[in-house]
Amino acid sequence: MGEGKTLPTYFCRNCENPLALGEDLISKKFVGASGPAFMFSHAMNVVVGPKIGRKLITGSYVVADVMCSKCGETLGWKYVETFDLKQRYKEGMFVIEKLKLTKKY
């Protein structure tokens with residue numbers, strides 16, 4: 001087998017707590033409160049807050065804020081529910097703002 005590309009691990013920029021694996025990165029084309037954001041299929045070492053309704057660029061959703069389990073920094077959100085069938089793929093996904101992340105290989 002050929003050698004595969006090494007994927008990074010993403011960490012909290014504030015405390016270096018590991019948050020997500022490169023293999024779980026779905027998209028880099030999201031926008032958060034501080035600018036560019038990444039969508040992940042899975043996140044680790046996070047605390048998921050209460051569900052709230054929120055109007056985002058692509059419609060209305062039920063989301064939950066996501067915080068670092070070590071330092072408490074608000075990182076982004078988790079999509080809980082959408083009412084638009086075209087956006088349903090986002091349910092269960094995590095969006096973490098790029099400025100809140102650092103990565104290591």
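Trainee: What joins β5 to β6?

Mentor: A hairpin does, passing through two residues. Keep in mind that this is a predicted model, where local features need pLDDT of at least 70, side-chain atom pairs count only at pLDDT 80 or more, and totals for chains, interfaces and linings use all residues. Residues are numbered from 1 along each chain as its sequence is written, and side-chain values use heavy atoms, with hydrogens and water left out.

Trainee: What makes β5 and β6 a pair?

Mentor: Two strands pair if DSSP finds at least two bridges between them. Strand β5 (residues 46–56) and β6 have nine, in the antiparallel sense, so by that rule they pair. One of the contacts to look at: K51 has A64 in β6 as its bridge partner.

Trainee: And which strand do seven bridges join to β6?

Mentor: That's β7 (residues 74–82), again antiparallel. V63 sits opposite Y79 in β7. Five residues lie between β6 and β7 in their hairpin, and G72 in the turn has a positive phi of about 85 degrees.

Trainee: Why is β6 called largely enclosed?

Mentor: Buried means under 20% relative accessible area, with exposed over 50% and partly exposed in between (1.4 Å probe, protein chains only). Eight of the 10 residues of β6 (residues 59–68) are buried, so the rest of the structure largely encloses this strand. For the chain, 42% of the 105 residues count as buried.

Terms used:
Helix = DSSP H or I, 4+ residues; strand = E, 2+ residues; numbered from the N terminus.
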